[in-house]
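Have the sequence and the structure open side by side. The text below goes through a few places in turn.

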Amino acid sequence: MDRFRGRTRIVGVLTFLLMSTAALRPAGAEPAAVPAIAQAGGPFAGPFLPSVDMPLFLLVLVNGEDTGLIAEFTQHAGDGRISSTAGELRQVGIKASGGDGRTVHLDDIPGLSYVYDDISQTIEITAPHSQLVPRQISAVKRPAFVPAQPGLGAVLNYGLTGNLGSNLLDDGFELSSLGAYLDGRIYTPFGVLSSTGTASFPDWSLKGGRFQRQETVFSYSNPQRMITFSAGDIQSSGPQWSRPVRMGGLQLMRDFSLRSDVVNTPLLTYSGAAALPSTVDVFIDNVRAWSGQIEPGPFVLTELPTITSQGEARIVVRDSEGNEQVARVPFFAARDLLRRGKLDFSLEVGHAREAYGERNFQYGDATIYSASARYGVSDHFTLEGHVEGSNDLFMGGIGFTTTPFHLAELTLAAGASRYGSETGHFVHGRLRTEVLGARINLETFRSFGDFRDLAYATGVDYLGADVVNEDVTGLIPARAQDSLSVYFPEIWDGAGLSLGLVNAERGSDRRTILSATYSQRFEWTDASLRAAAFKSVRGDGGYGVSIGLSIPLGRKTHASTSVSRSENGGTRAIASLSRPMRREAGSLGYRLDLNSQDGELTGNGRVEYRSRYGQAGLSLRETGQGVGGSVTLSGALVAAGGGIFVGNRISDAFAVVDVGVPGVEVMLHNQPVTRTGPLGRALVPDLRAYRVNRVSIDPASLPIDASIDATSFEVVPARKSGAALKFGSGSVPSALVVLRDPTGAFLSVGSIVRLEGGDDEFIVGFDGETWIEGLGATNRIVVTTPQGPCTAEFAFAPRVGEQVVIEDVECR
């Protein structure tokens, strides 16, 4: 199947020789012995029918509109009927059933007629709206898919904490312990190998230390297929009614985060038709959310923005003659639905990780597995399922999510388990809706019989049934687990109220807690007030109340105070002054706290500083023995882009910037983040993986003799990988040279200058001026002018921070 875009007409020579007529046949008409024949100018006698089926490549017009597409048709021998494949017809906007290769005769489509003009090699199709493929019009401009740039390098994130003692005023600074958190990875175009762990030492000697490995995993992501494969220490995935389990093994999962151009959740959609060119306006709560133009024919508006999570959209279609159609479409913005036809899944198999945080390499003997899937049956109904098990356990469940009558999002699920000879089952439900402006979230889980899951089974394998069956372990599946929250976002200006209930029954432990939170924002000062309370109505009978006030002091500093009281009768008051640290290098942050509890007054403080090489912090706290303190250092060591770099912690993707000039400001998404170091390089953290990131430099901070090839890059790094960006080659000896001929006249504009010994060309501008780079102490140039070649010699001496101008160089 061939299709060509644009108006270029590709017609076979045989088609030109044989097809000298045009056929007009309405749909449904019986084949005539001699079909109606028409040329571009009108009907004529003397029809000619091909003796063999003839391929036609025709420019397609639908209902008088030029589609700009050339499609392949066939005129059949004997009766002259014209057909095409279902796939070709759908491409030009005509509905056709069946697979792409199915042959469809145009006169078999109800209500469709056509005119084939062999002179202009066009076919004009007239069809009712019911036979047209609706135009898909997206209200959101999605970025085009851009493959991630492969990289090769290594990263080591570190966080060091040193305890300086508990009585600094008397004992001075003495390191009593040292702790380190390490997160290292090697990234390649074929995947990322990463490992995390902690180390602790009793003192500066680093003797008697202990290292604890946490997780080691190799991962590979394929954005085209939206899947991620992992091998190593992984964690099982599943719906909300399942519990995750750490394991060592393999995982294959759908990863929608790899693609920003793919929409996996259903958004507000509207279908309609226009007889004339029209304007469409979409209003949400009487606020225009989108406006656009549509051509005649059926259309589908997709991905319409919704300002609120629930409501009614008013869609106004106004044609070129002023006629207006108004439609009202209810909507509910769902969170857990998938778009129709979308599949989400996760598969894991391996051995349970045991003694996590205590043992480095301890895994269970039994093979365990977990599998989950969600499928969008429609935009309003998503089916989900989950199974997990081991040698003696099987647990599975099935459920669905829907939005009934566009009033709420409802999830229901049920399942069963068999563990040895024990059986049980569960039910789960979740409801999210809005009623009179109140946001309501209700969730419940109930288990019956001897219901067990993988978290319980792996716990029994490691700890033993007697230990696991104790209520305190939390490994026994809950008999009942309920939560209800009601949030009133605007009970009056700037005020919000949240009410909550949590109920849990696990073994013999039963707890029910009620809570309430009130918040008030004062627009005139941008201050906020928050009051909260909770009460355990079943269980230990505990309660607590608190009230707090936060006041901004300028643009960067905040002051806050709070008072709380707990069930033991103790009262605590805290007053704080803080300034958060910003992203850019040179940022300073601090926090000072004054605490009063049961009449005892204590204080503590912390100051932090971020440089381009990392982050440092110092904490002081008042203890019962005096004033204690600790110091922290965090950052990253990076091997990438042909160098070794020291910078701030890198949680995901990053860029290595090479400007070649020190002290140049580097920006990420137009926000300053760092400056280049002595070698003209900088490390830029916090890039978004598989997204377009704009990294730029400030041209105003460049010296005048800098040689820069670009001032910005748009880069798409892979997950946990880096990209090398070369902006320029640094300072290059250069000067503005004014060239004259032997008569004293300026050389002609456009003359070409070459520096002897170099290949670069420089162009002479007005007044004989030309910018020449790569100069030495003495220089010889050859100039090609309209009058012929000439040569010149001149001396050059660089001046730091100044543009060198060499006047009146004579070219002979």
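Which residues of strand 55 (residues 769–773) lie on the covered face, and which on the uncovered one? T770 and I772 are on the covered face, while E769, W771 and E773 are on the uncovered face. Strands are DSSP runs of E of at least two residues, numbered from the N terminus. This is a predicted model, in which local features need pLDDT of at least 70, side-chain atom pairs count only at pLDDT 80 or more, and totals for chains, interfaces and linings use all residues. Residues are numbered from 1 along each chain as its sequence is written, and side-chain values use heavy atoms, with hydrogens and water left out.

Strand 55 pairs with strand 52 (residues 734–740) in the antiparallel sense, over 5 bridges; two strands pair if DSSP finds at least two bridges between them. E769 in strand 55 is the bridge partner of V738.

Now turn to the rings. The structure holds 10 aromatic pairs, where rings of Phe, Tyr and Trp (its six-membered ring) pair if their centres lie within 6.5 Å; planes under 30 degrees apart count as stacked, over 60 as edge-to-face and the rest as tilted. One of them joins Y270 and F299: the ring centres are 6.2 Å apart and the planes are at 55 degrees, so this pair is tilted. Y270 lies in strand 18 (residues 268–274) and F299 in strand 21 (residues 297–304), so the pair ties together parts that are 29 residues apart in sequence. Buried means under 20% relative accessible area, exposed over 50%, and partly exposed in between (1.4 Å probe, protein chains only). Y270 is buried at 15%, and F299 is buried at 2%.

Note on methods:
Helices (H or I, at least four residues) and strands (E, at least two) are DSSP runs, numbered from the N terminus.
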